[in-house]
Amino acid sequence: MDFFINFLKISTVLFVVIDPIGNMPVFMSLTSSPRPGYRALMAKRAVIIGFIVLLFFAFVGEAFLNSLGITLPAFRIAGGIMLFMVAINMMNDAGEKKESDENKDMPYGTNDVSVFPLAIPLIAGPGTIASIILLMSERHGDLTAQGIVILALVLILLFSYILFRLCDFFARIFGQTANTVITKVLGIVLGAMAAQFVLDGIKAFINS
């Protein structure tokens, strides 16, 4: 019973900060491409890279940031600035980045958004990193409890991957015009999220 309660609490925290449902339309907008299998590849790489980054911070994150003299508020502000840049690109390029036939055959790495901004900072963002560090540090020395944290993380990321893979289905339903409108709107939402990251970082710095 205690295992289930702890797992439910941890899963809820990670679900809220990772926000798989909120990330899904952003993923759909950022991975619009005529190349076959592009979305599937970006989904797999983004989730795997995000997991590796979060696993790193789960075990050595606090010590790593402290060794560099970086505080979590500063990390939040940096993440917010990065997201804001992505939001501006989404607003400017939505529906306009049509790839030419020449670009269709180019390597996947040519337009690889799996690392930035999908894995970092959308999946492994400042809030998620701060949460995973806190959850693991609270259970320091208790391998079973820390194992529950990692298990919850794996399941939330697996859910994210499933939602990312469903994007092709939703893209076919909505069509190009609707996808362009969604991208523009999400650009505004993402900009607001970025501003909130920065504000949270400033607030945490002032209160520290």
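**Burial, contacts and salt bridges in a predicted model**

Colleague: Why does V16 count as exposed?

Modeller: V16 has a relative accessibility of 59%, and the cut-off for exposed is over 50%; V16 therefore counts as exposed. This rests on a predicted model. V16 lies in helix α1, which spans residues 2–18. Its C-alpha atom is separated by 9.9 Å from that of I156, although V16 and I156 are 140 residues apart along the chain.

Colleague: What makes F3 a member of the nonpolar surface patch?

Modeller: Phe is among the nonpolar side chains that are joined within 5 Å. The patch has an area of about 960 Å² and also includes M1, F4, I5, L8, L151, L155, L158, I162 and L166. Helices α1 and α8 each give two or more residues to this patch.

Colleague: How do you know that Q146 is buried?

Modeller: Q146 is found in helix α8, residues 143–165, and has a relative accessible area of 11%. Buried means under 20%, so Q146 is buried. Leaving out residues up to four places away in sequence, Q146 touches F59, M136, R139, H140 and G141.

Colleague: What makes the approach of the Q146 side chain to R139 a polar contact?

Modeller: A polar atom of the Q146 side chain lies 3.5 Å from the backbone oxygen of R139. The limit is within 3.5 Å, so the pair stands at the limit and qualifies.

Colleague: Why is the pairing of R45 with D112 called a salt bridge?

Modeller: The closest N and O atoms of R45 and D112 are 2.9 Å apart, and the criterion is within 4 Å; the pair is therefore a salt bridge. It links distant parts of the chain, with R45 in helix α3 and D112 in the loop between α5 and α6, 67 residues apart. R45 is partly exposed at 30%, and D112 is partly exposed at 22%.

Colleague: How many salt bridges does a search of the whole structure find?

Modeller: The search finds two. Besides R45 with D112, the side chains of E138 and R139 meet at 3.3 Å, N to O.

Colleague: Why is E138 called exposed, and why does R139 count as buried?

Modeller: E138 has a relative accessible area of 54%, and exposed requires over 50%; E138 is therefore exposed. R139 has 18%, and buried requires under 20%, so R139 is buried.

Colleague: What makes α2 mostly covered?

Modeller: Eight of the 11 residues of α2 are buried. They are P20, N23, M24, V26, F27, M28, S29 and L30.

Colleague: Which residues touch the most other members of the largest nonpolar core?

Modeller: L14, L118, I132 and L190 do so, in a core of 49 residues. Several helices supply at least two residues each, among them α1, α2, α8 and α9. Helix α3 gives the most, with 11 residues.

Methods:
Residues numbered from 1 in each chain as written. Predicted model: local features only at pLDDT ≥ 70, side-chain atom pairs only at ≥ 80, totals over all residues. Heavy atoms only, no water. Helix = DSSP H or I, 4+ residues; strand = E, 2+ residues; numbered from the N terminus. Buried < 20%, exposed > 50% of the residue type's maximum accessible area, 1.4 Å probe, protein only. Polar contact = N/O pair within 3.5 Å; in protein donor to acceptor, adjacent residues only side chain to side chain. Contact = heavy atoms within 4.5 Å. Core = buried A, V, L, I, M, F, W, Y, C linked by side-chain atoms within 4.5 Å. Patch = residues over 30% accessible without salt bridge, like charges linked within 9 Å, V, L, I, M, F, W, Y side chains within 5 Å. Areas by Shrake-Rupley, 256 points an atom, 1.4 Å probe, with all protein chains shown as cover.
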